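Hello,

Here is the structure I promised to pass on to you. Please have a look, and then read my notes below.

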Amino acid sequence: IGITGSNGKTMVKEWLYQLLSDDFRIVRSPRSYNSQIGVPLSVWSLSENSELGIFEGGISQMNEMENLQPIIQPTIGIFTNIGDAHQEGFGGLKQKADEKVKLFTDAEVLIYNSDEKLIEISIVQANLKAKLFSWGKKNNAELQVLNIEKNSTAKIDLKYKNQSFSVEIPFTDDASIENALQCVCVLLCFDFPKEIIAQKLLKLEPV
């Protein structure tokens with residue numbers, strides 16, 4: 001699993017580790033090792049006993065992702081979001097999105113928020129061979145967000161393959177909800193039953 005984006009990379013990686021470590025032998029990037037040096041150091045931790053690698057790819061200027069993609073070679077890609085972090089090395093947000101998408105050149109599945117128009121445009125223009133697994137409020141999203149109710153927890157009503165279900169997370173901030181939804185998509189890709197997904201998400205811990 002390769003994760004890139006402006007924010008949320010480390011949180012998504014750590015939550016995926018929490019959610020999947022009972023089911024897989026996982027190697028993941030330590031802390032925020034997502035740079036030109038950090039990525040190779042992270043991937044070196046893989047061994048023949050590893051079943052799943054979860055790695056971040058971070059860039060601060062053009063042409064850096066071309067170096068990271070052959071090292072990570074993700075089967076499943078996650079594009080968290082696009083924003084102003086490390087913007088100095090890019091001509092604009094679109095240029096940055098185009099550069100980040102290069103991580104997913106050979107991915108089989110790409111998970112992203114289709115409500116983020118700039119990301120969707122970059123993905124479509126890249127003409128990737130990956131199956132696109134979108135989530136968002138629009139009814140053409142693979143995983144549609146129907147409603148979010150915030151109290152002491154956040155209850156998220158979802159629709160997937162014409163079936164409705166709900167998950168709950170012990171956080172109510174928007175960033176945590178967004179990161180949790182990225183994780184839900186991964187669990188659906190791994191064919192976890194919806195009730196198991198709901199149980200796992202309720203146990204998420206702060207990073």
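This is a predicted model: local features need pLDDT of at least 70, side-chain atom pairs count only at pLDDT 80 or more; totals for chains, interfaces and linings use all residues.

Residues are numbered from 1 along each chain as its sequence is written, and side-chain values use heavy atoms, with hydrogens and water left out.

The protein has seven helices and nine strands (DSSP runs numbered from the N terminus: helices are H or I of at least four residues, strands E of at least two). Its radius of gyration is 16 Å, close to the 17 Å from the globule rule for 207 residues, so the protein is as compact as a globular protein of that length (C-alpha atoms; the rule is 2.2 Å times the number of residues to the power 0.38). The C-alpha trace spans about 40 × 40 × 30 Å along its principal axes.

Of the contacts between residues at least 6 apart in sequence, 58% join residues at least 24 apart (contact means heavy atoms within 4.5 Å).

Now to helix α6, residues 174-189. Its 16 residues reach 23 Å from first C-alpha to last, close to the 22 Å expected (1.5 Å times one less than the number of residues). In α6, 13 of the 16 residues are buried, so the helix is largely enclosed by the rest of the structure. Asp 191 follows α6 and has a positive phi, near 65 degrees.

Best wishes

Conventions. Buried means under 20% relative accessible area, exposed over 50%, partly exposed in between (1.4 Å probe, protein chains only).
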